[in-house]
Amino acid sequence: DIASKLSGKQAINIAKAGQDLSKCIKRVEDFFIEKKSIKEKKVNVKLPQRIFISTSINTLMEFGRTKANNSIKNNNKFLNLKTPSLIYKFFKYRFRQLFFAIKLSKYEQALLDGCCYGLAEINSTKTGKEFLDWDSKMIHDEYKKYLSGNFQKLKNLSKKYSYEINNFIIVIEPDSFSIPYKKVFRPYWRGVDARQRMHKYNGEKMSNNNSRKVLIKYNNIYKSVSNNFGFRILEPAPVKFPEFSFYDAVHYTDEGSKYIGKIYAKEINKLK
């Protein structure tokens, strides 16, 4: 909506929360099929001049979950806990309100409960999901193969519908791990860092810096494979975002949404 308003061009969002590259490609294909069906009824329709695919985080997450195969550690005590009672929830939220001296939004409350970043679940003892070493060359190669299959499907889709491959913009999603704490969280957070850090293979939680290093490594693989298939890359730099652009590791506040909207609008305005 922001990009459309700033660029003065019509735009629609056909994305769906939590979808990886494979599912996004399927939604694009369904959209193309619908447009073709309308055109066959002799109604003049055009395909979009640009299609942004912004799902690098979810794609790595889905790959990780595929590797984990939803395996559960038998000795995982966290999984045997009962659902918190309403009384517990009442005192928990009451305590938070007193501690932060402000009424937190539902999303901020969810962050404090451990939501909402699937990559933080990998190797976590709380979820029991196992994964091979993030630094493993074998895993890197498997991720390349995983991505190659998907980008080949997208290229085939482009050819099938005579859609110029350069009109696809593959977005590398920014994260806040490298941004100083005070530029992410407002003073009322009182030092609490809600960024969902990733985990090592032994279950140990990583630092923000090391979480960032893992993402850079896998983002580079994502870019390399995408480039090999001829797709254009858009990689917004996290450090260029204004203050308080992120709620957590990857999700935007209003400020972040406005900034990313400007970046998209700039790409749209490059159209002749």
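A disulfide joins Cys 115 to Cys 116, with an S to S distance of 1.3 Å. A disulfide here is a pair of cysteine sulfur atoms within 2.5 Å. The torsion about the S-S bond of Cys 115 and Cys 116 is about 95°, so the disulfide is right-handed. The model is predicted: local features need pLDDT of at least 70, side-chain atom pairs count only at pLDDT 80 or more, and totals for chains, interfaces and linings use all residues. Residues are numbered from 1 along each chain as its sequence is written, and side-chain values use heavy atoms, with hydrogens and water left out.

Cys 115 is partly exposed, at a relative accessible area of 28%. Cys 116 also counts as partly exposed, at 25%. The classes are buried (under 20% relative accessible area), exposed (over 50%) and partly exposed (in between), with a 1.4 Å probe and protein chains only. Cys 24 counts as buried, with 16% relative accessibility. Its sulfur has its closest cysteine sulfur in Cys 116, at 18 Å, which is too far for a bond.

The secondary structure comprises nine helices and three strands. Helices (H or I, at least four residues) and strands (E, at least two) are DSSP runs, numbered from the N terminus. In that direction the order is α-α-β-α-α-α-α-β-α-α-β-α. The radius of gyration of the chain is 21 Å; a compact globule of 272 residues would have a value near 19 Å, and the two agree. The radius is taken over C-alpha atoms, and the globule rule is 2.2 Å times the number of residues to the power 0.38. Along the principal axes, the C-alpha atoms fill a box of roughly 60 × 40 × 35 Å.

Burial applies to 42% of the 272 residues. Among contacts with a separation of 6 or more, 73% come from residues 24 or more positions apart. Contact means heavy atoms within 4.5 Å. The accessible surface is about 16,200 Å², and carbon and sulfur atoms hold 52% of that area. Areas come from the Shrake-Rupley method with a 1.4 Å probe; for residues, only the protein chains shown count as cover. The chain carries 52 positive and 26 negative side chains, and the centres of the two sets lie 3 Å apart. Lys and Arg count as positive and Asp and Glu as negative, while His and the chain ends are not counted. Each charge is placed at NZ of Lys, CZ of Arg, CG of Asp or CD of Glu.

Three further residues were examined. Glu 267 sits in helix α9, which spans residues 254-268. Glu 267 is buried, at 8% relative accessible area. Leaving aside neighbours within four places in sequence, Glu 267 is in contact with Arg 50, Phe 52, Ile 169, Arg 232 and Leu 234.

Asn 269 lies in the segment after α9. This residue is partly exposed, with a relative accessible area of 41%. Its contacts, apart from neighbours within four places in sequence, are Leu 6, Ser 7 and Lys 9. Asn 269 and Ala 3 are 266 residues apart in sequence, yet their C-alpha atoms are 9.8 Å apart in space.

Asn 13 occupies the loop between α1 (2-7) and α2 (21-40). At 66% relative accessibility, Asn 13 is exposed. Asn 13 and Asp 1 are 12 residues apart along the chain, with their C-alpha atoms separated by 8.3 Å.
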